[in-house]
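Have the viewer open as you read.

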Amino acid sequence: GWAHLIGNMAGAMLFGSVAARIYGWGVSWLLIVAAGAIGNAGTAWWYGDHHLSVGASTAIFAALGLCATAVFRR
């Protein structure tokens, strides 16, 4: 729904921007998009014919993970 879409957009702006400042725009967005694609592919493989959607939430969690990794490395 709309709330989920707005939440994903806000998460992308927040966590994506922070990750981009830490790792650089190119590297961070490459990792975010790649992790989202791999996560969605894994979900589609796991659920097979019962997989009904491809979402951006996986990529948002990847961005959050990049931010958390930077904090834990310090």
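## Starting at Ser 28

Let's begin with Ser 28, which sits in helix α2; helices here are DSSP runs of H or I with at least four residues, strands are runs of E with at least two, and both are numbered from the N terminus. Ser 28 is buried, because its relative accessibility is 0%. For that label, buried means under 20% relative accessible area, exposed means over 50%, and partly exposed is in between, using a 1.4 Å probe and protein chains only.

## Ground rules and overall layout

This is a predicted model, so local features need pLDDT of at least 70 and side-chain atom pairs count only at pLDDT 80 or more, while totals for chains, interfaces and linings use all residues. Residues are numbered from 1 along each chain as its sequence is written, and side-chain values use heavy atoms, with hydrogens and water left out.

The protein has three helices and zero strands, and its elements run α-α-α from the N terminus on. The C-alpha trace spans about 40 × 25 × 20 Å along its principal axes. Of the 74 residues, 22% are buried. Looking at contacts with a separation of 6 or more, 59% are between residues 24 or more positions apart.

## How α1 and α3 meet

Two packed helices are described by the angle between their axes and the distance between the axes. For α1 and α3, the axes come within 8 Å and cross at roughly 35°. Axes are lines fitted to C-alpha atoms, for helices over the stretch in contact, with angles running from 0 to 180 degrees between N-to-C directions. The crossing is left-handed, the label used when the near helix is turned anticlockwise from the far one by less than a right angle (right-handed if clockwise).

Asn 8 lies in helix α1, residues 2-23, and counts as buried because its relative accessibility is 15%. The side chain of Asn 8 makes a polar contact with the side chain of Ser 57 at 3.2 Å. A polar contact is a pair of N or O atoms within 3.5 Å; within protein, one must be able to donate a hydrogen and the other to accept it, and residues adjacent in sequence count only if both atoms are side-chain atoms. Leaving out residues up to four places away in sequence, Asn 8 touches Ala 56, Ser 57 and Ile 60.

Ile 60, in helix α3, is buried with a relative accessible area of 13%. Beyond its neighbours within four places in sequence, Ile 60 is in contact with Asn 8, Gly 11, Ala 12 and Phe 15.

## The nonpolar core

Which residues make up the largest nonpolar core? There are six: Ala 19, Ile 32, Ala 59, Ala 63, Leu 66 and Cys 67. The largest share, four residues, comes from helix α3, residues 57-73. A nonpolar core is a set of buried Ala, Val, Leu, Ile, Met, Phe, Trp, Tyr and Cys residues joined through side-chain atoms within 4.5 Å. Not counting residues up to four places away in sequence, Cys 67 touches Phe 15, Val 18 and Ala 19.

## Out in the open

Asp 49 is in the loop between α2 and α3 and is exposed, with a relative accessible area of 77%. The C-alpha atoms of Asp 49 and Ile 60, eleven residues apart along the chain, are separated by 25 Å. For Asp 49 and Met 13, 36 residues apart along the chain, the C-alpha separation is 32 Å.

Key
Contact means heavy atoms within 4.5 Å.
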